[in-house]
Amino acid sequence: MSVQAVIEEKLQALEPTHVAVENESHRHAVPANSETHFKVTVVSEHFQGLMPVKRHQRLYALLADELAGPVHALALHLYTPQEWAARGEARPDSPNCRGAGT
């Protein structure tokens, strides 16, 4: 199973109403077909009442094995359903990596 698929599966523990895991490794200075850099967008009621740092800590706990191994970086965009709707169901674009020469 790919790293991306494992991440997607583990995020189901948050009972998301929306989840998107995007492999952005190709935008970084890594070998072709790497699975090291991901953008993760999760919309879940489980984030209700949690400050951003607590939301991030929840994801880090869920993905501890991946962060200890193949995953080098996560861009996390974590919203409640109400926050997601207020944003027009859009997450920020990722900047280009300076080390990738892009």
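Start with isoleucine 7. Set aside its neighbours within four places in sequence, and isoleucine 7 is in contact with Val21, Phe38, Leu63, Glu66 and Val71. Keep in mind that this is a predicted model.

Now the core. The largest nonpolar core has 14 residues. Those that touch the most other members are Ile7, Leu11, Phe38, Val40, Val42 and Leu59. At least two residues of this core come from each of α1, β2 and β3. As background, nonpolar side chains tend to be buried together in soluble globular proteins.

Next, the sheet. It is open, with 3 strands in the order β1-β2-β3, and its pairing is mixed. β1, residues 18–23, and β3, residues 73–79, are the edge strands, and each pairs on one side only. On average, neighbouring strands of this sheet are turned by 10° against each other, direction ignored.

Where do the helices sit? Helix α1, residues 3–11, packs on the sheet and touches β1 and β2. The direction of α1 makes about 160° with that of β1. Helix α2, residues 52–62, also packs on the sheet, but touches β2 and β3. For α2, the direction makes about 125° with that of β3.

Now the pairing, one side at a time. β1 and β2 run antiparallel, over 6 bridges. Within that pair, asparagine 23 has phenylalanine 38 of β2 as its bridge partner. Phenylalanine 38 is also one of the contacts of isoleucine 7.

Valine 40 has leucine 76 in β3 as its bridge partner. Valine 43 stands opposite tyrosine 79, again in β3.

Let's stay on β2. Why call it largely enclosed by the rest of the structure? Because 7 of its 7 residues are buried. Buried here means under 20% relative accessible area.

Which residues of β2 point which way? In general, side chains in a regular strand alternate between the two faces of the sheet. In β2, His37, Lys39, Thr41 and Val43 point one way. Phe38, Val40 and Val42 point the other way. All of them are buried, His37 and Lys39 included. And Phe38, Val40 and Val42 are among the core residues that touch the most other members.

That's the tour. Questions, please.

Note on methods
Residues are numbered from 1 along each chain as its sequence is written. This is a predicted model: local features need pLDDT of at least 70, side-chain atom pairs count only at pLDDT 80 or more; totals for chains, interfaces and linings use all residues. Side-chain values use heavy atoms; hydrogens and water are left out. Two strands pair if DSSP finds at least two bridges between them. Helices (H or I, at least four residues) and strands (E, at least two) are DSSP runs, numbered from the N terminus. Axes are lines fitted to C-alpha atoms, for helices over the stretch in contact, and angles run from 0 to 180 degrees between N-to-C directions. Contact means heavy atoms within 4.5 Å. A nonpolar core is a set of buried Ala, Val, Leu, Ile, Met, Phe, Trp, Tyr and Cys residues joined through side-chain atoms within 4.5 Å. Buried means under 20% relative accessible area, exposed over 50%, partly exposed in between (1.4 Å probe, protein chains only).
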